[in-house]
Amino acid sequence: MAGGINLQTNWSTKASNSISGKQFLQLFPAMAAISFFLIGPLTFILIYSFLTPGTYGGVEWQFSTESYLQFLFERDLITDELIFENAYLLVFLRSLVLALIATISCLLIGFPTAFFIATRSEHNRNMWVLLITVPYWVNLLIRTVSMLFILRDEGPINAALIGTGIISEPIHMAYTNFAIGMGLIYSYLPFMVLPVYASLERFDFRLMKAAYDLYAGRWSILLRVILPVVKPGLIAGSLLVFIPCLGAFIAPDILGGGKKLMIGNLIAMQFQASRNWPFGSAAAMILLTIVLIALTVAARQPRPGKEVA
């Protein structure tokens, strides 16, 4: 009897090892692609951030932390002393603020939109989801340029306001932080709507009726019944909006007119115009650190029905 149990245990162990081997073979192409196209380039960027910039671009293979110091300090040409300089810090702060504003705005717009879609019939839900995604079949560059035509002084918004007599002169919206924020919201709004809708679609709306029967108010139902269930979708949507907004390049370049730099523009400028590859790499690593912090905070959020030890 004991021999039979041992034989069965050994067979189960071999079977599990065989399954894990098959799973490894199935995961190997994805792991190889991630290693080659993500980990490899990031490793080069990390190494380049600690090197010395070349005279005409590129790098010199001499270890230096000057690129990270350049983010907050500037060397005096005469005394060679470090002087605090907040120009690059302001670029990062502007990027963080605009990304947060865009994320909160997408959340305020996307949650009611997703709730409206989730409460329709199945046929109407599919139609509304299609309408949400259809405009985003167009290239991001074309959509951003179209937003510029809408926000310019001669655009339809100013024309409508002047035509109705609300204003007498055009409101200057193009090439401002407001235009960049509008471009970010327009570009990444579906990234908020779709994850929230996916969570609401699985929500049992009978819980709302039960809460109404127990004399709960609308805000109580929203805060205590709906939001705890759809919290994973809210977190996923917020990350999907915040991270691309933080490193956005096209919206600040077109809608900001190249005057309102964000992190993505700063990094691109170092590799293209300034030819300072180490500092561009250092800025990219700082951006990556911010993203990893955001992902770590989101990953530590407790899931519904589970408690953090």
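Modeller: L222 lies in helix α9, where helices are DSSP runs of H or I with at least four residues, strands being runs of E with at least two, numbered from the N terminus. This is a predicted model, in which local features need pLDDT of at least 70 and side-chain atom pairs pLDDT 80 or more, while totals for chains, interfaces and linings use all residues. Residues are numbered from 1 along each chain as its sequence is written, and side-chain values use heavy atoms, without hydrogens and water.

Colleague: Is L222 buried, partly exposed or exposed?

Modeller: Buried means under 20% relative accessible area, exposed means over 50%, and partly exposed lies in between (1.4 Å probe, protein chains only). The relative accessible area of L222 is 22%, so the residue is classed as partly exposed.

Colleague: Which residues does L222 touch, not counting those up to four places away in sequence?

Modeller: Contact means heavy atoms within 4.5 Å. Under the stated exclusion, the residues touched by L222 are F111, L227 and P228.

Colleague: Is S199 buried or exposed?

Modeller: S199 belongs to helix α7 (residues 177–201) and touches V230, P232 and G233, not counting residues up to four places away in sequence. Its relative accessibility is 8%, so S199 counts as buried.

Colleague: Which residues of α11 are buried?

Modeller: Helix α11 (residues 263–272) is mostly covered, with 7 of its 10 residues buried. The cover over these buried residues includes α3, α9 (218–246), α10 (250–254) and α12. The buried residues are I263, G264, N265, L266, I267, A268 and Q270.

Colleague: At roughly what angle do the axes of α3 and α12 cross?

Modeller: Axes are lines fitted to C-alpha atoms, for helices over the stretch in contact, and angles run from 0 to 180 degrees between N-to-C directions. The axes of α3 (residues 87–118) and α12 (residues 277–299) come within 13 Å, and they cross at roughly 35°.

Colleague: How many nonpolar residues are in the contact of α3 with α12?

Modeller: From α3, Y88, F92 and L96 meet F279, A283, I286, L287 and I290 of α12. The contact has no polar and no charged residues, and its nonpolar residues number 8. Here Ala, Val, Leu, Ile, Met, Phe, Trp, Tyr, Cys and Pro count as nonpolar, Asp, Glu, Lys and Arg as charged, and the others, Gly among them, as polar.

Colleague: What is phi of Y215, and where is Y215 found?

Modeller: Y215 is found in the loop between α8 (206–213) and α9. At 78% relative accessibility, Y215 counts as exposed. Phi of Y215 is positive in a residue other than glycine, near 65°.

Colleague: What is the radius of gyration of the chain?

Modeller: The chain has 12 helices and 4 strands. For 309 residues the globule rule gives 19 Å, and the chain is well over that, so it is more spread out than a compact globule. The radius is taken over C-alpha atoms, and the rule is 2.2 Å times the number of residues to the power 0.38. The radius of gyration is 26 Å.

Colleague: What does the C-alpha trace span along its principal axes?

Modeller: Buried residues make up 31% of the 309 residues in the chain. Along its principal axes, the C-alpha trace spans about 85 × 65 × 35 Å.
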